[in-house]
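Please look at the sequence and the model below.

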Amino acid sequence: MEIKNKLIDPFGREINYLRVSVTDRCDFRCTYCMSEDMQFLPKKDVLSLEEIEEICKSFMKLGTRKIRLTGGEPLVRKGIMQVINNLGKEVGKGLDELTITTNGSQLETKAEELFKAGVRRINVSLDHLDPIKFKEITRWGDLDKVKAGLKVAKEIGLKIKINTVAISEFNEYHLADILNWCGEENFDMTIIEVMPMGDIGKDTRYGQYLPLSKVRAELEKTFTLTDIPERTSGPARYVSVKETGRNLGFITPLTHNFCESCNRVRLTCTGTLYMCLGQDDNADLKTVLREQGPDALENAIRHAIGRKPKGHDFEISRQSSNVSVNRHMSLTGG
Ligand code: SAM
Ligand code: SF4
């Protein structure tokens with residue numbers, strides 16, 4: 001598809017990647033992401049499956065080449081395979097790639113359908129390989145089930161990247177084990193700094209926060225890490241790991257930000273477009289769609305991109321509050 005009017009933001013960055021949180025609900029309650037008694041949004045505020053598709057298609061008309069579905073847990077949203085199947089038909093035409101970020105709980109039954117729909121790569125979050133520790137961090141998760149799902153996904157031919165949030169003391173000295181396991185399983189891995197998003201109840205971000213500079217230094221005691229130029233226009237920087245033969249990414253929104261090459265925006269399940277993960281300015285695409293119809297979306301999206309900020313200013317410190325932006329990652333989509 002020839003795109004005449006691509007989305008270019010005020011800093012000259014081409015915006016061609018859309019992340020969509022298709023639900024704020026989840027079957028886990030990871031301690032850094034949600035409080036245990038998390039209040040979810042009323043259904044009427046959430047985009048219908050058709051509305052999600054409509055907004056995605058408007059973005060594609062404006063040059064979006066990659067869509068990632070996330071959440072909450074995208075695979076627990078009822079009917080989501082309909083969206084995945086329909087967007088999957090655009091892969092190789094309007095889209096280069098359709099991908100998802102999942103906690104893996106539903107992969108055992110959904111991996112094959114995902115592959116058939118045109119998904120080729122998935123990110124699966126996993127913060128510990130000990131079942132008891134896994135339960136502790138996810139509160140409700142079952143490691144065996146996630147591992148069974150990963151096995152099916154791998155056999156089907158999905159490329160898998162494991163996302164691990166580095167949490168002080170909790171998995172600080174276990175990250176090398178996860179990295180080795182990823183090597184054995186042929187998975188890539190990305191380690192993520194805890195971001196101060198949304199109230200998480202009694203846990204404190206300062207207590208959870210572990211700078212990745214420290215993680216890298218610790219891993220370098222065991223592994224030979226070599227910086228590689230691979231870029232995804234995202235916040236990750238990659239190294240190759242000699243001992244496993246695979247890549248490792250570091251996402252460091254706190255210690256470094258890499259906003260200068262940002263190519264993405266995020267749509268919440270309520271139809272709010274956030275032009276930056278770490279800023280509050282947004283555009284209400286749901287109201288535009290419901291009150292003015294799909295034809296009004298392109299203009300609204302273009303206006304919103306015209307306000308995309310240069311970058312975020314996340315901060316976690318003993319003095320600063322626990323929360324830089326009020327919304328949870330599960331609403332905006334990680
Ligand atoms: N439920 C899916 C999952 O866990 O992969 C998709 C949504 S989840 C919000 C997306 C990613 O965000 C996960 O890798 C999760 O670990 C990460 N995440 C959630 N809250 C975070 C936070 N406060 N800081 C850093 N990463 C976070
Ligand atoms: Fe659910 Fe993902 Fe948040 Fe964990 S990180 S509670 S799996 S949305």
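## A pair of strands

How many bridges join β5 to β6? Six bridges join them, and the two strands run parallel. Strands here are DSSP runs (E, at least two residues) and helices are DSSP runs too (H or I, at least four residues), numbered from the N terminus. Two strands pair if DSSP finds at least two bridges between them. Lys161 stands opposite Asp188 of β6.

This is a predicted model, in which local features need pLDDT of at least 70, side-chain atom pairs count only at pLDDT 80 or more, and totals for chains, interfaces and linings use all residues. Residues are numbered from 1 along each chain as its sequence is written, chains are lettered from A and ligands numbered from 1 in the order in which they are written, and side-chain values use heavy atoms, with hydrogens and water left out.

## Around β6

Ile192 stands opposite Ile251 in β9.

Why is β6 largely enclosed by the rest of the structure? Six of its six residues are buried, so the rest of the structure largely encloses β6. Buried means under 20% relative accessible area (1.4 Å probe, protein chains only). In a regular strand the side chains alternate between the two faces of the sheet. On one side of β6, Asp188, Thr190 and Ile192 are buried. On the other, Met189, Ile191 and Glu193 are buried as well.

## Ligand 1

The shell of ligand 1 holds 19 residues, each with a heavy atom within 4 Å of the ligand. The closest are Tyr32, Gly72, Thr102, Ser125 and Met195.

Oxygen atoms of ligand 1 make polar contacts (N or O pairs within 3.5 Å). A polar side-chain atom of Tyr32 lies 3.0 Å from one oxygen atom. For a polar side-chain atom of Ser125, the distance to an oxygen atom is 2.5 Å. Thr102 uses a polar backbone atom, 3.2 Å from an oxygen atom of the ligand. The protein covers 96% of the 540 Å² of accessible area that ligand 1 has on its own, by the Shrake-Rupley method with a 1.4 Å probe. β3 (97-102), β5 (159-166) and β6 (188-193) each give two or more residues to this shell.

Terms used:
Polar contact = N/O pair within 3.5 Å; in protein donor to acceptor, adjacent residues only side chain to side chain. Buried < 20%, exposed > 50% of the residue type's maximum accessible area, 1.4 Å probe, protein only.
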